[in-house]
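Subject: Structure handover

Hello,

Here is the structure I said I would pass on.

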Amino acid sequence: MAAVPNDAKAKGDRIIVDNSNLSELKATCDEAVERILSRQPEFGSAAQSQGFAPFKVSHFHTDLRLVIGFTASAIMIGTSIWAYFVEKEWNRNKHACAVAVVAYIILSSIQMTDSYLQGNNIFTGTRKMLSNRIETEHLIIASPPLPKATKKGAKASNSKPVLTPPAYTLHIKYTRKTNKGKSLLSKKDDSLPLGHLGEWFTEEGEFVQGIFEQRLLAGLQKAFGQ
């Protein structure tokens with residue numbers, strides 16, 4: 001398990017999770033990816049030491065699903081209120097109610113389709129870099145499901161097998177273009193292994209973001225060829 005630096009607890013709020021809950025561990029890492037890549041580097045952080053420029057995050061799919069969900073709910077609630085308080089006669093309001101139900105089903109289907117198409121993507125961002133010319137970088141990061149923990153050869157004192165925590169691997173799609181997107185300078189579509197969860201979670205379940213941040217940024221810059 002990871003060790004917490006002496007000064008780590010004094011910097012910001014500690015993130016404590018349940019070590020036995022893999023979904024919670026993965027969600028903590030997934031959320032940290034966007035936080036690290038989109039914020040301005042803090043003093044003394046790995047991002048500052050590596051000169052990492054933040055990305056501008058796109059929440060298009062999330063915002064789209066929220067708008068669709070709100071619209072679908074508003075249609076159903078509005079129609080129900082109208083049918084209950086204004087036009088109570090079923091023969092008169094049944095057509096409007098039927099239209100509302102169909103609209104709700106269509107919008108919900110669009111919402112589910114968008115969620116399916118987004119898949120495991122946890123980050124979409126762009127940034128502009130100046131290097132004798134303006135270059136635009138586009139990055140999409142997906143976080144596949146965690147594999148199972150692996151058994152070590154040694155056993156614990158209670159004779160139970162010792163498990164190595166699941167490996168956390170991301171999948172990136174990266175492009176760097178110039179000349180207003182007409183010239184492709186670089187393109188990557190590859191896996192990005194960062195290590196296993198025990199390397200940045202302590203035995204108490206504390207998330208050591210400094211270690212995770214260093215692994216993430218080093219891996220990305222290597223993938224970018226920087």
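Is the crossing of α1 and α5 left-handed or right-handed? The crossing is right-handed. The axes of these two helices are 10 Å apart, and α1 and α5 pack at an angle of about 65°. The cut-off for roughly perpendicular runs from 65 to 115 degrees, and α1 and α5 are therefore roughly perpendicular to each other.

Before going further, note that this is a predicted model. Everything below should be read with that in mind.

Overall layout

The chain has 226 residues, and buried residues make up 31% of them. There are 5 helices and 7 strands in the chain. Going along the sequence, their order is α-α-β-α-α-β-β-β-β-β-β-α.

Helices α3 and α4

The other helix pair I looked at is α3, residues 60–86, with α4, residues 90–118. Their axes come within 9 Å and cross at roughly 165°. An angle over 145 degrees counts as roughly antiparallel, so α3 is roughly antiparallel to α4. The crossing of α3 with α4 is left-handed. Sorted by class, the residues in the contact of α3 with α4 are 15 nonpolar, 9 polar and 3 charged.

The UniProt record, an unreviewed entry, carries the annotation "transmembrane region" for residues 64–85. In the model, that span is 100% helix and 0% strand. The C-alpha atoms at the ends of residues 64–85 lie 31 Å apart.

Salt bridges

How many salt bridges does the structure hold? It holds 9 salt bridges. Three of them are described here, one at a time.

Asp 114 forms a salt bridge with Arg 65, and the closest N and O atoms are 2.8 Å apart. Asp 114 is in helix α4 and Arg 65 is in helix α3, so this pair links distant parts of the chain, 49 residues apart. Buried means under 20% relative accessible area. Asp 114 has a relative accessible area of 8% and is therefore buried. Arg 65, at 18% relative accessibility, counts as buried too.

Arg 215 forms a salt bridge with Glu 199, with 2.4 Å between the closest N and O atoms. Arg 215 lies in helix α5, while Glu 199 lies in the loop between β7 (183–196) and α5, so the pair ties together parts that are 16 residues apart in sequence.

Glu 213 forms a salt bridge with Arg 39, and here the closest N and O atoms are 3.1 Å apart. Glu 213 belongs to helix α5 (residues 209–224), and Arg 39 belongs to the loop between α1 (22–38) and α2 (46–49), so the pair ties together parts that are 174 residues apart in sequence. Glu 213 and Arg 39 are both buried. Salt bridges that share partners also bring in Glu 42, joining Arg 39, Glu 42 and Glu 213 into one network.

That is what I have on this structure.

Regards

Definitions and conventions:
Residues are numbered from 1 along each chain as its sequence is written. This is a predicted model: local features need pLDDT of at least 70, side-chain atom pairs count only at pLDDT 80 or more; totals for chains, interfaces and linings use all residues. Side-chain values use heavy atoms; hydrogens and water are left out. Axes are lines fitted to C-alpha atoms, for helices over the stretch in contact, and angles run from 0 to 180 degrees between N-to-C directions. Helices (H or I, at least four residues) and strands (E, at least two) are DSSP runs, numbered from the N terminus. Angles under 35 degrees count as roughly parallel, over 145 as roughly antiparallel, 65 to 115 as roughly perpendicular and the rest as oblique. A crossing is left-handed if the near helix is turned anticlockwise from the far one by less than a right angle, and right-handed if clockwise. Ala, Val, Leu, Ile, Met, Phe, Trp, Tyr, Cys and Pro count as nonpolar, Asp, Glu, Lys and Arg as charged, and the others, Gly among them, as polar. A salt bridge is a side-chain nitrogen of Lys or Arg within 4 Å of a carboxyl oxygen of Asp or Glu. Buried means under 20% relative accessible area, exposed over 50%, partly exposed in between (1.4 Å probe, protein chains only). UniProt positions are given in the numbering used here, feature names are shortened, and annotations may be inferred rather than shown by experiment.
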